[in-house]
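This report walks through one protein chain. Look at the sequence and the structure first, then read on.

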Amino acid sequence: MRLTQGTLFWREVGHGPTVVFLHGNWSDSSQWQGLMAELAPECHCLAPDLLGFGESSRPRRLPYSITLEVDCLRAWLTGVRSQSLIFVAEGLGAWVATRYALQYPE
């Protein structure tokens with residue numbers, strides 16, 4: 001998906017309540033594939049490559065920051081129309097998920 005912050009790639013499987021998986025430092029969404037496959041019969045699983053990681057890209061003019069990742073995550077989730085979310089995250093992804101939840105408590 002093309003966003004103002006860059007291009008975001010994600011993996012998606014399943015149906016049901018939406019679970020968003022955010023990868024850790026120096027990784028990408030592929031770290032969650034096994035768990036997503038297990039949960040797919042009961043959950044709608046989404047796992048983006050954070051901006052600038054894996055198959056996602058960011059313009060060089062934009063420095064890495066948690067604010068940038070949160071803004072990108074918000075734009076992406078609006079685009080895929082997911083409203084009620086459960087986050088599963090580790091490392092860098094946990095930092096992004098925590099900031100996102102604090103900024104958008106709804």
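## An exposed tryptophan

Trp26 counts as exposed because its relative accessibility is 79%. Here, buried means under 20% relative accessible area, exposed means over 50%, and partly exposed lies in between (1.4 Å probe, protein chains only). Trp26 sits in the loop between β4 and α1. Its phi is near 55 degrees, a positive value in a residue other than glycine.

The model is predicted: local features need pLDDT of at least 70, side-chain atom pairs count only at pLDDT 80 or more, and totals for chains, interfaces and linings use all residues. Residues are numbered from 1 along each chain as its sequence is written, and side-chain values use heavy atoms, with hydrogens and water left out.

## Overall build

The protein chain has three helices and six strands. Helices (H or I, at least four residues) and strands (E, at least two) are DSSP runs, numbered from the N terminus. Along the sequence, the pattern is β-β-β-β-α-β-α-β-α.

The C-alpha atoms fill a box of roughly 40 × 30 × 25 Å along the principal axes. A compact globule of 106 residues would have a radius of gyration near 13 Å, and the protein chain agrees, with 13 Å. That radius is taken over C-alpha atoms; the globule rule is 2.2 Å times the number of residues to the power 0.38.

## Surface and contacts

Of the 106 residues, 40% count as buried. The accessible surface comes to about 6,100 Å², and 53% of it belongs to carbon and sulfur atoms. Areas come from the Shrake-Rupley method with a 1.4 Å probe; for residues, only the protein chains shown count as cover.

Contact means heavy atoms within 4.5 Å. Among contacts between residues at least 6 apart in sequence, 74% join residues at least 24 apart.

## The nonpolar cores

In soluble globular proteins, nonpolar side chains tend to be buried together. A nonpolar core is a set of buried Ala, Val, Leu, Ile, Met, Phe, Trp, Tyr and Cys residues joined through side-chain atoms within 4.5 Å. The largest one here has 21 residues, of which Leu22, Leu73, Trp76 and Val96 touch the most other members. The elements giving two or more residues to this core are β4 (18-22), α2 (66-79) and α3. Helix α2 gives the most, with seven residues. Another core, of seven residues, lies apart from the largest one; Val19, Phe21, Met36 and Ala47 are among its members.

Leaving aside neighbours within four places in sequence, Val96 is in contact with Leu22, Leu50, Ile66, Glu69, Val70 and Leu73.

## A buried glycine

Gly93 belongs to helix α3 (residues 92-103). With 0% relative accessibility, Gly93 counts as buried. Not counting residues up to four places away, Gly93 touches Leu22, His23, Gly24 and Leu50. Asp49 is 44 residues from Gly93 in sequence, and their C-alpha atoms are 9.8 Å apart.

## Two serines in loops

Ser57 lies in the loop between β5 (44-48) and α2. It is partly exposed, with a relative accessible area of 35%. Ser57 touches Gln5, Gly6, Thr7, Leu51 and Gly52, not counting residues up to four places away in sequence. Thr7 is 50 residues away along the chain, yet the two C-alpha atoms are separated by 5.2 Å.

Ser30 is in the loop between β4 and α1 (33-39). At 32% relative accessibility, Ser30 counts as partly exposed.
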